Amino acid sequence: MDDDRPLFFHVMAYADDADRDVVDMVSGNPDWEPPAALRDGIREFADAPVADYQYPPSEGNAELRAELAERHDVPVERVVVTNGAGEANHLAMACGLEAHAGNEVILTDPVYPYYAGRTELLDAEAVYVPVADDGTLDPADVRAAASDDTALVVACSPNNPTGAVYGEEVKRELTAIAEAHDALFVSDEVYDEFDFSGEFRSALAFDSDNVAVTNSFSKSMGTTGLRVGYAILPEHLVDPARTRHMLTNVAVTAPGQHAALKALRETPDSYYAGTREMLEERISAFCAALDDAGADYIQPRGSFYVLARFDGFPGTLDNTKRLIDEAGVAGMPGEAFGSAREEWMRFALVTPRAAEAADRLAEYF
Ligand SMILES: Cc1ncc(COP(=O)(O)O)c(C=O)c1O
């Protein structure tokens with residue numbers, strides 16, 4: 001990430017300026033309704049007393065932390081509320097690098113670009129482990145890449161950009177690898193509500209001092225602008241993370257935390273199930289059209305991204321722009337996600353026009 005503006009801003013701006021109608025499938029901004037309780041929480045906060053508008057506790061709203069601790073079955077002291085999963089990942093990575101021996105960060109290829117950018121920002125060395133054609137990660141490859149120089153293993157499941165779900169055994173192995181090398185496994189679980197495979201397990205299940213779990217309400221509640229997330233840290237990282245968080249952010253938005261807490265408590269499972277069902281329909285319509293277009297793609301088992309490759313049309317930035325201009329569909333070039341899938345493009349199914357976009361692609365190719 002050499003540019004201070006991530007590539008997706010650049011592609012979105014290009015799509016906005018296009019001379020034609022474009023279906024935007026660039027970034028992971030959900031287009032569906034947040035839970036009703038979340039909107040109620042925001043409204044409720046508007047009339048809160050002046051005192052509620054002042055600095056909330058730096059480590060997070062006490063009730064929100066308690067609710068999260070109970071849901072994840074961890075001591076409340078281990079929960080730090082953050083400015084989205086982005087900050088949670090940053091705290092876990094920065095503090096993990098400081099506390100653990102070595103300066104290498106094991107990442108998958110393809111990779112969520114912010115892990116790669118953050119590794120560079122933190123002056124660490126990225127070591128990439130390619131995933132299989134279907135997006136699965138073989139822990140034996142991670143084990144082979146790990147050494148005493150490994151400080152972090154960072155992975156997200158359900159995965160962005162592949163849509164893979166790393167099941168219980170994979171996460172158990174990643175935890176064991178971190179333990180064997182005095183490293184920290186940062187398990188980003190921001191897409192936990194978008195598991196279509198039934199195989200998602202939180203890395204907290206292994207009760208290890210070498211695991212940090214990060215998450216947020218950005219995706220699960222369709223609110224990337226709310227900026228409320230959290231890290232569940234092993235004990236030795238709690239104090240350094242709280243200090244870093246306090247000195248960077250002071251605290252996280254009080255109205256956002258209030259609304260997230262209300263939504264967490266009051267949102268029925270049917271809200272999440274309904275979103276999953278809607279996304280599964282989109283994915284199946286989109287993938288059927290990719291079949292018609294003769295494209296290769298990874299069948300997503302989670303999250304809401306489809307990584308696809310079109311014969312004779314590598315997913316470069318130039319071709320991404322061509323697709324915007326000539327087909328009216330905007331995706332992300334594969335090069336944004338590492339080197340393994342430079343020929344591919346990622347499409348975020350965060351638009352009710354996903355099926356229409358798929359038809360455009362089928363017609364174009
Ligand atoms: C894997 C992954 N982690 C973290 C984030 C950032 O989440 P948040 O909005 O909670 O900071 C994203 C956003 O796209 C993501 O895809």
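Analyst: A quick word on terms first: helices are DSSP runs of H or I with at least four residues, strands are runs of E with at least two, and numbering starts at the N terminus. The model is predicted, so local features need pLDDT of at least 70 and side-chain atom pairs count only at pLDDT 80 or more, whereas totals for chains, interfaces and linings use all residues. Residue numbers run from 1 along each chain as its sequence is written.

User: Thanks! Which helix gives the largest share of the shell around the ligand?

Analyst: Around the ligand there are 14 residues, and Gly84, Ala85, Gly86, Ser216 and Ser218 come nearest. A residue is near a molecule or strand if its C-beta atom, placed from the backbone, lies within 6 Å of it. Four residues, the largest share of this shell, come from helix α4 (residues 84-99).

User: And how many residues of that shell around the ligand are polar?

Analyst: Ala, Val, Leu, Ile, Met, Phe, Trp, Tyr, Cys and Pro count as nonpolar, Asp, Glu, Lys and Arg as charged, and the others, Gly among them, as polar. Around the ligand, four residues of the shell are nonpolar and one is charged, while the number of polar residues is nine.

User: How many Å apart are the C-alpha centres of domain 1 and domain 2?

Analyst: Domain 1 covers 7-34 + 269-364, and domain 2 covers 53-266. These bounds come from an automatic or database domain assignment. Between the C-alpha centres of domain 1 and domain 2 the separation is 26 Å.

User: How many residues does the contact take from domain 2?

Analyst: Two residues are in contact if their C-beta atoms, placed from the backbone, lie within 7 Å. Domain 1 brings 26 residues to the contact, and the number from domain 2 is 30.

User: On the side of domain 1 that touches domain 2, which element supplies the largest share?

Analyst: At least two residues of that side come from each of α10 (269-292) and β10 (305-309). The largest share of the side of domain 1 that touches domain 2 is four residues, and these come from α10.

User: What is the angle at which α10 and helix α12 pack?

Analyst: Two packed helices are described by the angle between their axes and the distance between the axes. Axes are lines fitted to C-alpha atoms, for helices over the stretch in contact, with angles from 0 to 180 degrees between N-to-C directions. The axes of α10 and helix α12 (residues 354-364) lie 8 Å apart, and their angle is about 5°. Angles under 35 degrees count as roughly parallel, over 145 as roughly antiparallel, 65 to 115 as roughly perpendicular and the rest as oblique, so α10 and α12 are roughly parallel.

User: Is Glu59 buried or exposed?

Analyst: Glu59 sits in the loop between α2 (36-46) and α3 (62-72). Leaving out residues up to four places away in sequence, Glu59 touches Arg65, Val80, Val81 and Arg242. A residue is buried if 20 or more other C-beta atoms, placed from the backbone, lie within 10 Å of its own, exposed if 12 or fewer, and partly exposed in between. Because Glu59 has 21 such neighbours, Glu59 counts as buried.

User: How many C-beta neighbours does Leu137 have inside 10 Å?

Analyst: Leu137 belongs to the loop between β4 (125-130) and α6 (139-145). Its contacts include Thr108, Tyr166 and Val170. Leu137 counts as buried, since its C-beta neighbours number 22.

User: What is the phi of Asp73, which is not a glycine?

Analyst: Asp73 lies in the loop between α3 and β2 (79-82). With 10 other C-beta atoms within 10 Å, Asp73 is exposed. Although Asp73 is not a glycine, its phi is positive, at about 55°.
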